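Okay, everyone, thanks for coming. Let me put the structure up on the screen and walk you through it.

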Amino acid sequence: MRKVLTVKITLFCLVISSLLNTAKAQNEVGEFIEAGKNDGAELAGAYLSPFFKGLGAGLNNNWYNTANVHKSGRFDLTITFSPVLIPASDKKFDVADLNLNLLKLKAGSPTESATLAGNNSDKTATFEYVIKGPGNTSDTLTINSPKGALVPLVPVPMAQLSIGVIKGTEIIGRFIPTTNLGNLGEIGLFGVGVKHDIKQWIPVMKELPFDLSVLAGYTQLKSSFNLNVEPNPNLPKDNPNTSYDNQKLNLKTSSTTINAIISKKLAVLTVYGGVGYMGSSTNISATGNYPIPAYDSDGNNGGGLETQTQVDPIDKKFSGANGANLTAGFRLKFLVLTIGGSYTLAKYQTPSVGLGICVDFL
């Protein structure tokens, strides 16, 4: 089990590193935050959407590799890997689709901008907003949407344990304890699912040579990344004693899937198909103290622009790539060893490969 957790955590570290090590990711988050709570969240959600949509789609995959349900006490432990493909339609976002309050497109700026999955050579949107001071004074702040990071897919590893209980029912569990990733942050995951043999309840079908079942599953992934958004060195601080060492970007992705599954076993080969619905959502929050430019209202710094502090500036929920899905796959079983693969058709298409141990002879 320790080796399983090590594999999962290592692969998730690769996913997170690819996100946070894109071009100046921390400074880009800082610019988002300068746009205020609403606009900052809108920009962050638009730019990161392929990542959390792909992550949600990946978490909704690999719940099954057969419609057959374990008898009581029998079990399997399976490790899978899914490179979730990001569609071309999600490599850019349209500024007109965002609910922006303070930001306005700068004259001559493109109306579309790259997401995390976009091309780093594409033009990006430039925004302006006015910081109003005393009387008729004001300053205009410019915010550039970041370039794409050429991320073509979101790799999602998974390990799960399935155990047969009673009356053609199987309980499925997924779990990673909250794990500290050093300077990167921390990550934790849990999931629970139920698969049930419905063929046993249909008199006409229960003697036919195939398996038929239904499955429902829920997975939640929590991750927290350390940030380092520094104040503008050219502006005085409203409070020189404020610390900015507590900044974190937090993502909580929740995924739910419901499927009907049919399979047929032919010697060591099992072929299967499934149809169902998958839904996910991600809550993005930035917590801690963040420096923002604002006018000196108390006159301590001469009445001009200074660095003030915004606490917990982003907290917003975004929907994933929700909708119907269709899956086809196969599994080969040699004694207790299983090898398989599948492909899921959905907005975020997902090929998967898996390796497992299945004990069904107790």
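Quick housekeeping. This is a predicted model, so local features need pLDDT of at least 70 and side-chain atom pairs count only at pLDDT 80 or more, while totals for chains, interfaces and linings use all residues. Residues are numbered from 1 along each chain as its sequence is written, and side-chain values use heavy atoms, with hydrogens and water left out.

So, the overall picture. The protein has three helices and 18 strands; these are DSSP runs, H or I of at least four residues for helices and E of at least two for strands, numbered from the N terminus. Along the principal axes, the C-alpha atoms fill a box of roughly 85 × 40 × 35 Å. Of the 362 residues, 50% are buried, meaning under 20% relative accessible area, with exposed being over 50% and partly exposed in between (1.4 Å probe, protein chains only). Take the contacts, that is, heavy atoms within 4.5 Å, between residues at least 6 apart in sequence: 69% of them join residues at least 24 apart.

Strand 5, residues 126-132, runs antiparallel to strand 6 over seven bridges. One to find on screen: F127, whose bridge partner in strand 6 is I143.

F127 turns up again in the largest nonpolar core, which has 53 residues; F127, L59, L103 and I284 have the most contacts inside it. By nonpolar core I mean buried Ala, Val, Leu, Ile, Met, Phe, Trp, Tyr and Cys residues joined through side-chain atoms within 4.5 Å. Helix 3, residues 37-59, gives the most to this core, with 11 residues. So what does L59 touch, leaving aside its neighbours within four places in sequence? Its contacts there are V156, M158, R174, L189, T219, L221, T253 and S255. A second, separate core has seven residues, including W63, I172, L215 and I261.

V275 sits in strand 12, residues 269-287. Is V275 buried or partly exposed? It counts as partly exposed, because its relative accessibility is 47%.

That's my tour; over to you.

How values were computed: Two strands pair if DSSP finds at least two bridges between them.
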